[in-house]
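Please read the following explanation with the sequence and the structure side by side.

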Amino acid sequence: MLEVTNLSCVRGTRRLFRDLNFSAAAGELVELRGPNGSGKTSLLRIVCGLAAPASGEVCWKGKNIRTLAEQYFRDVAYLAHQNGVKDELSAYENLRVSSGIAGRSLAKSEVIDSLTRVGLADRLHLPARVLSAGQRRRLALARLLSLKCRLWVLDEVLTSLDDAAMQLAREFINQHLKEDGIAIIATHQDLNLSANRVKRVQLAGV
Amino acid sequence: MFAWVIWRDLILAWRRRTDVLATLFFFIIVVSLFPLGVGPEPQMLRTIAPGVVWVAALLASMLALGRTFGNDYQDGTLEQLLLTPQPLFLIVLAKVLAQWIVSELPLVLVAPVLGMQFGLSQNTLWIMTVSLLLGTPVLSLIGSIGAALTLGLRAANVLVALLVLPLYIPVLIFGAGAIEATVNGLEPQAYLLLLGATLVLALAFAPWATSAALRISVE
């Protein structure tokens with residue numbers, strides 16, 4: 001469903017990777033590995049359409065994502081290094097607003113459900129500014145779930161999560177794959193996922 | 001989605017209202033300094049009033065530009081906005097509208113009060129408000145292009161000023177011209193129509209230019 005062909009990425013004068021090929025079908029997980037600075041984040045940003053590749057193309061359901069544009073964004077959810085959490089808004093408001101802007105408005109009860117699932121039930125109305133790094137990451141996970149997208153593009157999803165939250169994130173990813181979703185995950189840690197269809201992409205670094 | 005973006009930006013502005021008030025007070029102080037500096041000669045004040053009010057409005061709106069996309073860029077919410085399944089220009093339009101309500105509308109509302117310091121007649125104050133009402137959205141729209149282009153650069157504030165202020169010149173000329181005509185007892189209609197035309201033009205082109213600039217800056 002997702003096909004990456006002959007992808008190259010150049011940052012400044014450095015070539016991060018060239019002629020990268022991989023694909024992912026429904027229910028498959030792509031695990032992206034490589035040393036720091038090998039271009040994992042750049043690759044993820046190209047895959048989700050934020051950046052343009054130096055050459056090559058990314059296709060979704062057989063069409064180039066550059067021509068699909070907004071149609072593609074309906075299917076893709078990107079969890080970046082930055083959580084995309086507004087400090088001035090509470091956890092509840094953050095989720096409500098971000099789902100509303102993404103065109104999938106949640107009812108009050110749904111927002112509370114999602115936040116309860118990620119363990120933020122007692123922090124609903126605190127401004128995100130006072131949340132810890134791990135709690136903000138949990139909030140970002142709640143957003144990921146609420147978007148209900150087919151393709152998840154996750155950058156170091158386990159960063160700053162505690163053991164319980166890591167377990168939770170794994171469950172979410174497993175569940176997502178079981179429901180025929182696709183996930184691309186850049187990681188340094190072992191994900192220990194039960195998913196049986198895992199593809200590994202190794203970036204060499206220069 | 002459009003309403004969500006506006007609602008979000010208005011709430012954020014309310015929770016960070018010191019930023020908004022700073023712009024407003026800057027405008028008030030700059031405009032008020034002129035009668036003090038130039039002296040109380042009514043004829044002189046009436047002559048300089050149009051230019052002073054409009055130049056102060058341009059400078060005050062420059063102050064607010066960095067915030068249009070800057071905060072969203074830093075905390076990563078801008079990337080989310082770029083990845084929403086709606087046309088980007090709609091999101092840009094919503095953000096510019098929110099920025100106008102927050103940073104420019106207060107200027108338009110206090111301007112008549114400030115104009116009284118210059119001994120302007122009631123009719124002139126009225127025309128001044130109308131010209132600001134038509135002209136300030138153009139400032140927000142053109143400014144958003146500059147803000148998007150300089151996103152994440154060092155010395156972005158200075159660059160924005162150099163990029164955007166020359167583009168503000170037509171608005172300055174038509175806006176100040178409308179007030180000046182009224183002060184001299186002429187009809188301001190032609191100037192106001194020109195301002196309206198600039199607004200329509202900016203509405204048609206600025207959101208697209210800003211969208212393209214955002215995609216480049218975030219990449």
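His176(A) is found in helix H7 of chain A. In this predicted model, is His176(A) buried or exposed? His176(A) counts as buried because it has 23 C-beta neighbours inside 10 Å, and the cut-off for a buried residue is 20 or more. Leaving aside residues up to four places away in sequence, His176(A) touches Trp152(A), Gly181(A) and Ala183(A). Arg200(A) lies 24 residues from His176(A) in sequence, and the C-alpha atoms of the two are 18 Å apart in space.

Phi is near 50 degrees for Glu156(A), a positive value in a residue other than glycine. For Ser160(A), phi is near 60 degrees, again a positive value in a residue other than glycine. Most residues other than glycine have a negative phi. Glu156(A) counts as partly exposed because it has 18 C-beta neighbours inside 10 Å. Ser160(A) is also partly exposed, with 14 other C-beta atoms within 10 Å.

Chain A is divided into domain 1, made of residues 1-75 + 152-206, and domain 2, made of residues 87-148. Taken over C-alpha atoms, the centres of domain 1 and domain 2 of chain A are separated by 24 Å. Nine residues from domain 1 and nine residues from domain 2 of chain A make up the contact. Which helix gives the most to the side of domain 1 of chain A that touches domain 2? Helix H7, residues 163-178 of chain A, does, with four residues. By class, this side of domain 1 of chain A has six nonpolar, two polar and one charged residues.

Next comes helix H1 of chain A, residues 40-47. Six of the eight residues of H1(A) are buried, so the helix is largely enclosed by the rest of the structure. The buried residues are Lys40(A), Leu43(A), Leu44(A), Arg45(A), Ile46(A) and Val47(A). What do the buried residues of H1(A) pack against? Their partners in chain A are strand E1 (2-11), strand E3 (29-33), strand E4 (55-60), strand E7 (151-155) and strand E8 (182-186). After H1(A) comes Gly49(A), whose phi is positive, near 95 degrees.

Not counting residues up to four places away in sequence, Ile184(A) touches Leu44(A) and Val47(A), along with Ala24(A), Val30(A), Leu32(A), Val153(A) and Leu154(A). Ile184(A) belongs to the largest nonpolar core, which has 129 residues. Ile184(A) is listed with Val76(A), Val153(A) and Val53(B) as having the most contacts inside this core. Domain 1 and domain 2 of chain A each give at least three residues to this core.

In chain A, two helices pack against each other: H4 (residues 91-101) and H6 (residues 133-147). Their axes come within 10 Å and cross at roughly 30 degrees, and the crossing is right-handed. H4(A) takes part through Ala91(A), Asn94(A), Leu95(A), Ser98(A) and Ser99(A), while H6(A) supplies Leu139(A), Ala142(A), Arg143(A), Ser146(A) and Leu147(A). This contact has five nonpolar, four polar and one charged residues.

Chain B has a helix pair to set beside this one. Helix H3 (residues 42-75) and helix H6 (residues 122-149) of chain B pack at an angle of about 40 degrees, with their axes 9 Å apart. H3(B) passes H6(B) in a right-handed crossing. Among the residues of H3(B) in this contact are Val53(B), Ala57(B), Leu65(B) and Phe69(B), and those of H6(B) include Met128(B), Leu132(B), Leu139(B) and Gly143(B). By class the contact has ten nonpolar, eight polar and no charged residues. One of its members, Val53(B), was named above for its contacts in the largest nonpolar core.

The last topic is the place where the two chains meet. There, 22 residues of chain B are in contact with 23 residues of chain A. On the chain B side, helix H1 (2-15) and helix H4 (77-82) each supply at least two residues. H1(B) provides the largest share of this side, six residues. The side of chain B that touches chain A divides into eleven nonpolar, five polar and six charged residues.

Note on methods. Residues are numbered from 1 along each chain as its sequence is written. Chains are lettered from A and ligands numbered from 1 in the order in which they are written. This is a predicted model: local features need pLDDT of at least 70, side-chain atom pairs count only at pLDDT 80 or more; totals for chains, interfaces and linings use all residues. A nonpolar core is a set of buried Ala, Val, Leu, Ile, Met, Phe, Trp, Tyr and Cys residues joined through C-beta atoms within 7 Å. A residue is buried if 20 or more other C-beta atoms lie within 10 Å of its own, exposed if 12 or fewer, and partly exposed in between; C-beta atoms are placed from the backbone. Domain bounds come from an automatic or database domain assignment. Two residues are in contact if their C-beta atoms, placed from the backbone, lie within 7 Å. Ala, Val, Leu, Ile, Met, Phe, Trp, Tyr, Cys and Pro count as nonpolar, Asp, Glu, Lys and Arg as charged, and the others, Gly among them, as polar. Axes are lines fitted to C-alpha atoms, for helices over the stretch in contact, and angles run from 0 to 180 degrees between N-to-C directions. A crossing is left-handed if the near helix is turned anticlockwise from the far one by less than a right angle, and right-handed if clockwise.
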